[in-house]
Amino acid sequence: MKVEGAFLTISELAAELCLPQHILRYWETRFPELRPLQRSGNRRYYRPADVALAHRINQLLNVEGFTVRGAQKALAEGEGHAPQDRPASSDQDLALIARLEAIRAQLAKIVGEP
């Protein structure tokens with residue numbers, strides 16, 4: 001396991017989200033905020049903020065049932081980052097929450113829950 005805050009490759013992030021890599025590449029075309037670093041051979045490296053954003057996009061689309069357009073609007077209006085009835089969280093808090101959600105999803109997958 002990598003150190004917290006380390007950059008993730010597309011395969012590592014896809015595994016963390018339990019999604020195929022092409023979904024992340026598609027999200028990059030639809031969510032301009034999601035811009036991983038690209039190195040030689042177009043290898044993608046997701047920064048902690050990108051990882052947190054990918055988790056939030058996944059939450060909006062695959063858990064809360066938003067359409068892509070609805071998720072875009074929620075992120076643009078700030079709803080995608082912190083609910084209105086709670087104080088805004090720091091980037092570090094969002095990254096931790098996203099990581100915990102990914103662990104929960106992986107555990108649910110292991111025990112066979114939907």
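Reader: Which residues is E16 in contact with, leaving aside its neighbours within four places in sequence?

Author: Contact means heavy atoms within 4.5 Å, and on that criterion E16, with neighbours within four places in sequence left aside, is in contact with L8, V51, H55, R99, A102 and Q106. This is a predicted model, in which local features need pLDDT of at least 70 and side-chain atom pairs count only at pLDDT 80 or more, whereas totals for chains, interfaces and linings use all residues. Residues are numbered from 1 along each chain as its sequence is written, and side-chain values use heavy atoms, with hydrogens and water left out.

Reader: Where is E16 placed, and is E16 buried or exposed?

Author: Helices are DSSP runs (H or I, at least four residues), and strands likewise (E, at least two), numbered from the N terminus; E16 lies in helix 1. Buried means under 20% relative accessible area, exposed over 50%, and partly exposed in between, with a 1.4 Å probe and protein chains only. E16, with a relative accessible area of 9%, is therefore buried.

Reader: How should I read the packing of two helices?

Author: Two packed helices are described by the angle between their axes and the distance between the axes. The axes are lines fitted to C-alpha atoms, for helices over the stretch in contact, and the angles run from 0 to 180 degrees between N-to-C directions. Here helix 1 (residues 10-17) and helix 3 pack at an angle of about 35°, their axes being 11 Å apart. The contact joins L13, E16 and L17 of helix 1 to V51, A54, H55 and N58 of helix 3. By class, this contact has four nonpolar, two polar and one charged residues, where Ala, Val, Leu, Ile, Met, Phe, Trp, Tyr, Cys and Pro count as nonpolar, Asp, Glu, Lys and Arg as charged, and the others, Gly among them, as polar.

Reader: What does N58 touch, not counting residues up to four places away in sequence?

Author: N58, which is found in helix 3, touches L17, L19, W27 and V63 when those residues are not counted. With a relative accessible area of 13%, N58 is buried.

Reader: At what angle do helix 3 and helix 4 pack?

Author: Angles under 35 degrees count as roughly parallel, over 145 as roughly antiparallel, 65 to 115 as roughly perpendicular, and the rest as oblique. Helix 3 (residues 48-63) and helix 4 (residues 68-76) pack at about 130°, with their axes 9 Å apart, and the two helices are therefore oblique to each other. On the helix 3 side, L53, R56, I57, L60 and L61 meet V68, A71, A74 and L75 of helix 4. That contact has eight nonpolar, no polar and one charged residues.

Reader: How does burial run around a helix, and which residues of helix 4 are buried?

Author: An α-helix has 3.6 residues a turn, so residues three or four places apart point the same way. In helix 4 the buried residues are A71, A74 and L75. They cover an arc of only 95° around the axis (taken from the directions from the helix axis to the C-beta atoms), which puts them on the same side of helix 4. On the other side, R69, K73 and A76 are exposed, while helix 3 is included in what covers the buried residues of helix 4.
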